[in-house]
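Visitor: I have not looked at this structure before, and I would like to learn how to read its features one at a time. Could you take me through them slowly?

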Amino acid sequence: MDQGAAPPVFSAVAEADGDQLRVVVTGEVDMATADTMYQTALREPARHVTLDLRAVTFFDSAAIHAVVRLAQRFPGALAVLPSRQVRRVLEISGLGDQSWLTAA
């Protein structure tokens, strides 16, 4: 008997629009989920990728690595929309001034 499912701890959904790809990520991005986020961003051919992390509640070093790999894969064509927690982790790691990191 279904007692009601809890919301997912992690999800990554790609939304393609022409050569634009938006990947909306929610929940915790860690060593168990970072590669899924990365692979979701590569699933559709795109010239520009927006990684929407505004609903991310946890972000670890594996997540940082995945974002850096995406920045290398899409030089000048990646935009990251961070949650407060993601911005804090990126700032602490020395990546707070990257061109792909958008303002609030």
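Visitor: Which residue in E2 does glutamate 15 stand opposite?

Guide: Before the answer, please keep in mind that this is a predicted model, in which local features need pLDDT of at least 70 and side-chain atom pairs count only at pLDDT 80 or more, while totals for chains, interfaces and linings use all residues. Residues are numbered from 1 along each chain as its sequence is written, and side-chain values use heavy atoms, with hydrogens and water left out. Helices (H or I, at least four residues) and strands (E, at least two) are DSSP runs, numbered from the N terminus. Glutamate 15 stands opposite arginine 22 in E2, and E1 and E2 run antiparallel, joined by eight bridges.

Visitor: In what order do the strands form the sheet?

Guide: Two strands pair if DSSP finds at least two bridges between them. Here four strands form an open sheet with mixed pairing, in the order E1-E2-E3-E4. The edge strands, each pairing on one side only, are E1 and E4. For angles, axes are lines fitted to C-alpha atoms, for helices over the stretch in contact, and the angles run from 0 to 180 degrees between N-to-C directions. With direction ignored, neighbouring strands of this sheet are turned by 15° against each other on average.

Visitor: How many bridges join E3 to E4, and which residue is the bridge partner of valine 49?

Guide: E3 and E4 run parallel and are joined by five bridges, and the partner of valine 49 is leucine 78 in E4. Together with H2, these two strands make a β-α-β unit that is right-handed, a word used when, with the strands pointing away from the viewer, the path from the first strand over the helix to the second runs clockwise.

Visitor: Why is E4 largely enclosed by the rest of the structure?

Guide: Buried means under 20% relative accessible area, exposed over 50%, and partly exposed in between, using a 1.4 Å probe and protein chains only. E4 is largely enclosed because five of its five residues are buried. Leu78, Val80 and Pro82 point one way from the strand, whereas Ala79 and Leu81 point the other way.

Visitor: Which residues of H1 are buried, and what do they pack against?

Guide: An α-helix has 3.6 residues a turn, so residues three or four places apart point the same way. In H1 (residues 34-42), the buried residues are Ala34, Met37, Tyr38, Thr40 and Ala41. They lie on the same side of H1 because they cover an arc of only 160° around the axis, the arc being that of the directions from the helix axis to the C-beta atoms. These buried residues pack against E1, E2, E3 and H2, where contact means heavy atoms within 4.5 Å.

Visitor: Which residues have the most contacts inside the largest nonpolar core?

Guide: In soluble globular proteins, nonpolar side chains tend to be buried together. A nonpolar core is a set of buried Ala, Val, Leu, Ile, Met, Phe, Trp, Tyr and Cys residues joined through side-chain atoms within 4.5 Å. The largest one here has 30 residues, and Val25, Leu51 and Phe59 have the most contacts inside it. The largest share of this core, six residues, comes from H2. Among the residues that valine 25 touches, not counting those up to four places away in sequence, are Phe10, Met37 and Leu51.
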